[in-house]
Amino acid sequence: MDLRIKPDKITAFANPERGLRVLAEHAPQAEAFAERMAERVRPFAIKLHHARRRIATAGVFAITAWLFLHVMFGANGMVIYRQKRTEYQVLQKEVEGLQKENDRATDEVKALKEDPKTIEKEAREQLHYAKPGEVIYIAPPPPPQQHPTTDSARK
C-alpha cells in the first residue's frame with residue numbers, strides 16, 4: 001500500500017490545544033461516517049457469515065481439485081511417471097540385450113585368440129584354407145532371378 005502525503009494538505013497547528021479542539025469538533029462527523037459505512041457493510045458481512053461453511057467447502061474442493069490435477073498431470077505427475085517407467089523398462093531390456101551381445105563378442109574374441117579349434121574353423125570357412133591332401137569344393141553362386149517382363153506372367 002502506498003501512502004503519500006501532499007505538503008499543501010498538511011495543516012500545522014501552532015497550539016496543541018487548538019488541534020485537539022478541532023479533532024473533538026469533527027469527532028461526531030467521523031463517528032457518523034463510520035456508522036454509515038458499518039450499516040452499508042453489515043448485510044454483506046451477515047451473508048458472508050451465514051455462507052462461511054459453503055465458502056470453506058468450495059475452497060477445500062478447489063484445493064483438492066487443483067491438487068488432484070497437479071498430481072496426475074503435473075510436471076512429475078502420474079502420467080509422466082508411467083511414461084518414464086515404460087521408457088526405463090524398454091531401455092533396461094535394450095541394455096540387457098547389448099550386454100549379452102557384448103558378452104558373446106567377448107567370448108568369441110577370447111576363443112579366436114586362445115582356442116585352436118575355433119581358429120582352424122574360421123581359417124577354413126573364411127579363408128578357404130585346407131590341410132595338406134584335402135580338396136575344397138565351393139558351390140557356385142545361385143543364378144540371378146529373372147523378373148517377368150509382362151504383367152500376365154505376374155498373375
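Predicted model: local features only at pLDDT ≥ 70, side-chain atom pairs only at ≥ 80, totals over all residues.
**Figure 1. Overall fold of the chain.** Residues are numbered from 1 along each chain as its sequence is written, and side-chain values use heavy atoms, with hydrogens and water left out. The mean pLDDT (the predictor's confidence in each residue, from 0 to 100) is 85 for the chain, and 86% of the residues score at least 70.

**Figure 2. The bend in helix H1.** Helix H1 comprises 35 residues (16–50) and spans 47 Å from its first C-alpha to its last, close to the expected 51 Å (1.5 Å times one less than the number of residues). At His 26 the helix bends by about 40°, and Pro 28 follows within four residues; the bend is the angle between axes fitted to the seven residues ending there and the seven starting there.

**Figure 3. The salt bridge between Arg 21 and Glu 17.** In this salt bridge (a side-chain nitrogen of Lys or Arg within 4 Å of a carboxyl oxygen of Asp or Glu), the closest N and O atoms are 3.9 Å apart. Both residues belong to helix H1 and lie 4 residues apart, about one turn of the helix. Arg 21 is partly exposed at 46% relative accessibility, whereas Glu 17 is exposed at 54% (buried is under 20% relative accessible area, exposed over 50%, partly exposed in between, with a 1.4 Å probe and protein chains only).

**Figure 4. The salt-bridge network around Arg 124.** Glu 120, Arg 124, Lys 131 and Glu 134 are linked in a network of salt bridges. The closest N and O atoms are 3.2 Å apart between Glu 120 and Arg 124, which are separated by about one helical turn in H4. For Arg 124 and Glu 134 the corresponding distance is 2.7 Å; this pair links distant parts of the chain, with Arg 124 in helix H4 and Glu 134 in the segment after H4, 10 residues apart. Arg 124 is partly exposed, at 28% relative accessibility, as is Glu 134, at 36%.

Methods. Helix = DSSP H or I, 4+ residues; strand = E, 2+ residues; numbered from the N terminus.
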